[in-house]
Amino acid sequence: MNDYFCGWYYKCQSERDTLAVIPALHRTGGKTTCSIQLITEAASWSVPFPGSAFREDGGQVAIGENRFGPQGLHLHLRAPGLLATGTLRFGPFTPLRYDIMGPLRYVPFLECRHSVFSMRHTVAGTLQINGVPRVFQNGTGYAEGDRGRSFPKGYVWTQCVLPGGALMLAAADIPWGGLHFTGVTAAVLWQGKQYRLATYLGAKAVTIQNGAVTIRQGHACLTARLLEPAAQPLRAPSGGAMVRTIHEHAACRAFYRFQIGEDTLFALEVPNASFEYEFSEKGSV
């Protein structure tokens, strides 16, 4: 594949601090480069590297002196306006029972394939970011990845560790044989159970509008609503190159409701959600 990207997303959160680290490899026009992005509640940075700085071996990824994997991450990032150093250790990952893409993982022409590595795990350690320590003791983490050619033109993505579990929800405009449809996928951990809502299981987006998304699958209904307007810019792939600007809330107020039939499993407003809302209102469901 000539135009290609693959990226990993590691979110780490404590009662006081939130950060996400995004190492990525990208190839376009025969040229390979890589990058590391760092986002906190108040700022974001993107640090470029040559393609030769990237190494991957047995689930471990390294870009220069920076290392990432299921056991944790180590940063030694120097760039204009950024000095980030330190090590975070991860506890055992909580994977999904089966691939978040389901049978769609075998479709050869999708522009983006999503993976969820861990819905929830512990995080411990300290990172110094521009001289400010960010300490994680009994912190929580989330890990996912994407690969393909481009992020969807329009999409919404959100993730949150809840008091009784965790959730991830995504809805995106999917090109399919010259047509387009809205594909959805969501995973919910709640009180020891896993729930899955997805297009390949019959789920549909009921509404995507005004910072909110509702998806329904049979008797199950999941709603996520963004409650804060501000977000930090991030780079995203288009045709393999990191030339698109999107915006992410690393830790923001959001509302989630999950219902099965007449039973409401939870209806919560949380202060620590991650949220990307890249649907224009004109293109909303």
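A salt bridge here means a side-chain nitrogen of Lys or Arg within 4 Å of a carboxyl oxygen of Asp or Glu. I kept that cut-off beside me while going through this predicted model.

**Entry 1: charged pairs**

I ran the rule over the chain and got six salt bridges. I began with D17, whose side chain meets that of R16 in a salt bridge at 3.4 Å, N to O.

Next I looked up how open the two residues are. D17 is buried, at 7% relative accessibility, while R16 is exposed, with a relative accessible area of 60%.

Which other residue did I find in a salt bridge with D17? It was R134, with the closest N and O atoms 3.3 Å apart. I then checked where the two sit: R134 is in strand 11 (residues 132–148), and D17 is in the loop between strand 1 (4–13) and strand 2 (18–28). They are 117 residues apart in sequence, so this pair ties together separate parts of the chain.

Is R134 buried or exposed? I have R134 down as buried, with a relative accessible area of 13%.

**Entry 2: a pair between strands 20 and 21**

I moved on to E269, which forms a salt bridge with R253; their closest N and O atoms are 3.1 Å apart. This pair links distant parts of the chain, with E269 in strand 21 (residues 263–277) and R253 in strand 20 (residues 241–260), 16 residues apart.

For accessibility, I noted E269 as exposed, with a relative accessible area of 51%. R253 counts as partly exposed, at 34%.

Then I went back to D17 and looked for shared partners.

**Entry 3: nonpolar cores**

Enough charges; I turned to the nonpolar side.

The largest nonpolar core has 31 residues, and L38, L73 and L75 have the most contacts inside it. Strand 1 gives the most to this core, with five residues.

What does L38 touch, leaving aside its neighbours within four places in sequence? My list for L38 reads L19, A20, V21, A43, S44, W45, L75, L82, A84 and I129.

I also found a second, separate core of 30 residues. V184, I215, C252 and Y256 are among its members.

Terms used:
Residues are numbered from 1 along each chain as its sequence is written. This is a predicted model: local features need pLDDT of at least 70, side-chain atom pairs count only at pLDDT 80 or more; totals for chains, interfaces and linings use all residues. Side-chain values use heavy atoms; hydrogens and water are left out. Buried means under 20% relative accessible area, exposed over 50%, partly exposed in between (1.4 Å probe, protein chains only). Helices (H or I, at least four residues) and strands (E, at least two) are DSSP runs, numbered from the N terminus. A nonpolar core is a set of buried Ala, Val, Leu, Ile, Met, Phe, Trp, Tyr and Cys residues joined through side-chain atoms within 4.5 Å. Contact means heavy atoms within 4.5 Å.
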